[in-house]
Amino acid sequence: MATLYLFRFDLSSIGRSDNRGCYLRRFRGQGQLEPSWALRRRNVVAVKSVKAFYGGAYGLNDNKTGLICTADELHYVSVPNSDWKLALWRYVPSLRESVLFCKQAPSRNHPLLLLSGVGSNALGYDLSPESSFARYMSNQGYDTWILELRGLGLSTTEQIESETLEKQPLVNGSVYENSVGSSVSLGDGQTSNIATQLRQWNKNLISIIDGAQQLGPFQPFVQGVTSALEEFQEQLDVYEKYDWDFDNYLEEDVPAAMEYIRNQSKPNDGKLLAIGHSMGGILLYAMISRCSFKKVNPQLASVVTLASSLDYRPSNSSLRLLLPLANPTQNLNVPVFPIGPLLVIAHPLASRPPYILAWLKDQISVEDMLHPTLLEKLVLNGFGSVPAKVLLQLSSVFEEGGLHDRNGTFQYKNHLRQGNIPILALAGDRDLICPPEAVYETVKEIPRQLVSYKVLGKPGGPHYAHYDIVGSRLASSEVYPLVADFLNRHDMV
């Protein structure tokens, strides 16, 4: 039975003068109230009692707010043959009209699913009121949903109970990792050895960072970085159970979410619209390819991919820098790659003097395209840890034929020509992770009458890096309308 948490926030906490009540109401199934501890208290639970850190919602300077979700509703959907319950952030057009006094949005025929990049939670699509892809599309009339894949954001294996949520500890503002690992054990069963290896690796890294105290410019950041690593170390027993790959996302997580959204939104033709950023777009390409091969309807009305490709070989993608890590990771049987903690470590070295890792910032955003406060919020709170199996499978985008399945027998790019889904593919002119050359390598495999391709950015500026397409200062005026126009044309039943 699906569980729904409906959140309404005190808008005064996000810089607005309205003083509406901040409360959480809990429903179950199709709106039937469930007798529980929370409901016995007039169906009201303070949102602040749910201690999951999301950058204080939109209160950028309030790291103690502890608001769990910036969406209108938070849903959970169970993954078949798994303990995982995936978080779905919902932005309801009618609710936004009544709460935020927006003008009435047109009625739409299809719900919209947003898929994030590798290791990313929902924050990237709803970073602030001015940089919120999700809210923009909701204001256009779309019933908008963000999926957080297993192991990320608010997805969990725990029972979804108010009592359980209240017991979640407040996550330190310098790092974000909230999920609990799946119950699937590793193939060789040597979990204790893996945990030991990871723990030793982490201790060594803490020692290196501590040693940096003798270097003056590093001293202010040592304490925060060490704290982040220590929190990561506390989670190692959980991470050793991270045993899934890209195909698990494709075959289990995304279909479960799509079915749930269809049941909630009830589109007449049973189809969804979808936007995917980075790996999110790769998932959509792979789904279209797999369904075309099997001659199955993917139940998608149209798709937008943002900085995504199934084949990176023609480009000088910076992801090539990670390829040397593939073999050691595989040989050591390390189950998880801590993207979030590593970004926490790197961020102060990239954003503050002496800017030793300044080149890392350019991987995310071009200069002046994202406010420093929002960039810091994204880097410190927008990412979690990812199973090594996911990254190892994704590394096949640099191999002959591009991304393949876990067995290496099915190349996803090969069957895009058989698809019949309209696709808009956008690339950023200064995207170092997925350059335009990589995006086009996939675009050219799609029937010409079905695909629209555009590189964002101009020779004299502005320019777009990997995340700028999703949440930069110009995204709401240059990217969101472009995407909305495309989806509107294909929203007709």
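**Close-up views of a predicted model**

View 1. The side chains of Glu-441 and Lys-444 are joined by a polar contact of 3.1 Å, here as in every view in a model that is predicted. Glu-441 belongs to helix 14, which spans residues 436–443. With a relative accessibility of 12%, Glu-441 falls below the 20% limit and therefore counts as buried. When residues up to four places away in sequence are set aside, Glu-441 touches Asp-311, Arg-313, Pro-314 and Lys-413.

**View 2. The protein as a whole, as a setting for the close-ups.** The protein has 493 residues, of which 58% are buried, and its secondary structure comprises 16 helices and 12 strands. Among the contacts between residues at least 6 apart in sequence, 77% join residues that are at least 24 apart. The protein exposes about 20700 Å², and carbon and sulfur atoms supply 51% of that area.

**View 3. Asp-143 in the loop between helix 2 and strand 6.** Asp-143 is found in the loop that runs between helix 2 (133–139) and strand 6 (144–148), and because its relative accessibility is 11%, Asp-143 counts as buried. Two polar contacts of the Asp-143 side chain can be followed in this view: one is made with the side chain of Arg-90 at 2.8 Å, and another is made with the side chain of Trp-145 at 3.4 Å. Leaving aside neighbours within four places in sequence, Asp-143 is in contact with Arg-90, Tyr-91, Pro-93, Pro-111, Leu-112 and Ser-265.

**View 4. Tyr-136 in helix 2.** Tyr-136 lies in helix 2, and, not counting residues up to four places away in sequence, Tyr-136 touches Ser-476, Tyr-480, Pro-481 and Ala-484. Tyr-125 gives a further point of reference: Tyr-136 and Tyr-125 are 11 residues apart in sequence, and their C-alpha atoms are 9.9 Å apart in space.

**View 5. The packing of helix 7 against helix 8.** Two packed helices are described by the angle between their axes and the distance between the axes. Helix 7 (residues 246–265) and helix 8 (residues 279–294) pack at an angle of about 85°, and their axes are 10 Å apart. Angles from 65 to 115 degrees count as roughly perpendicular, and helix 7 and helix 8 are therefore roughly perpendicular to each other. On the side of helix 7, the contact is made by Phe-246, Tyr-249, Leu-250, Glu-251, Val-254 and Met-258, while helix 8 contributes Met-279, Ile-282, Leu-283, Ala-286, Met-287 and Arg-290. The residues of this contact of helix 7 with helix 8 divide into 10 nonpolar, no polar and 2 charged.

View 6. Lys-266 lies in the loop between helix 7 and strand 7 (272–277). The phi angle of Lys-266 is near 55°, which is a positive value in a residue other than glycine. Because its relative accessibility is 56%, Lys-266 counts as exposed.

**View 7. Asn-81 in the loop between strand 3 and strand 4.** Asn-81 is found in the loop between strand 3 (73–78) and strand 4 (85–91). Although Asn-81 is not a glycine, it has a positive phi of about 60°. Its relative accessibility is 86%, so Asn-81 counts as exposed.

**View 8. The packing of helix 10 against helix 12.** The axes of helix 10 (residues 339–351) and helix 12 (residues 372–381) come within 8 Å and cross at roughly 150°. Angles over 145 degrees count as roughly antiparallel, so helix 10 is roughly antiparallel to helix 12. The contact is made by Leu-343, Val-344 and His-347 of helix 10 together with Glu-376, Val-379 and Leu-380 of helix 12. Sorted by type, the residues of the contact of helix 10 with helix 12 divide into 4 nonpolar, 1 polar and 1 charged.

View 9. Pro-462 itself lies in the loop between strand 12 (451–456) and helix 15 (468–471).

Key: Residues numbered from 1 in each chain as written. Predicted model: local features only at pLDDT ≥ 70, side-chain atom pairs only at ≥ 80, totals over all residues. Heavy atoms only, no water. Helix = DSSP H or I, 4+ residues; strand = E, 2+ residues; numbered from the N terminus. Buried < 20%, exposed > 50% of the residue type's maximum accessible area, 1.4 Å probe, protein only. Polar contact = N/O pair within 3.5 Å; in protein donor to acceptor, adjacent residues only side chain to side chain. Contact = heavy atoms within 4.5 Å. Axes fitted to C-alpha atoms, helices over the stretch in contact; angles between N-to-C directions. Parallel < 35°, antiparallel > 145°, perpendicular 65-115°, else oblique. Nonpolar A, V, L, I, M, F, W, Y, C, P; charged D, E, K, R; others polar. Areas by Shrake-Rupley, 256 points an atom, 1.4 Å probe, with all protein chains shown as cover.
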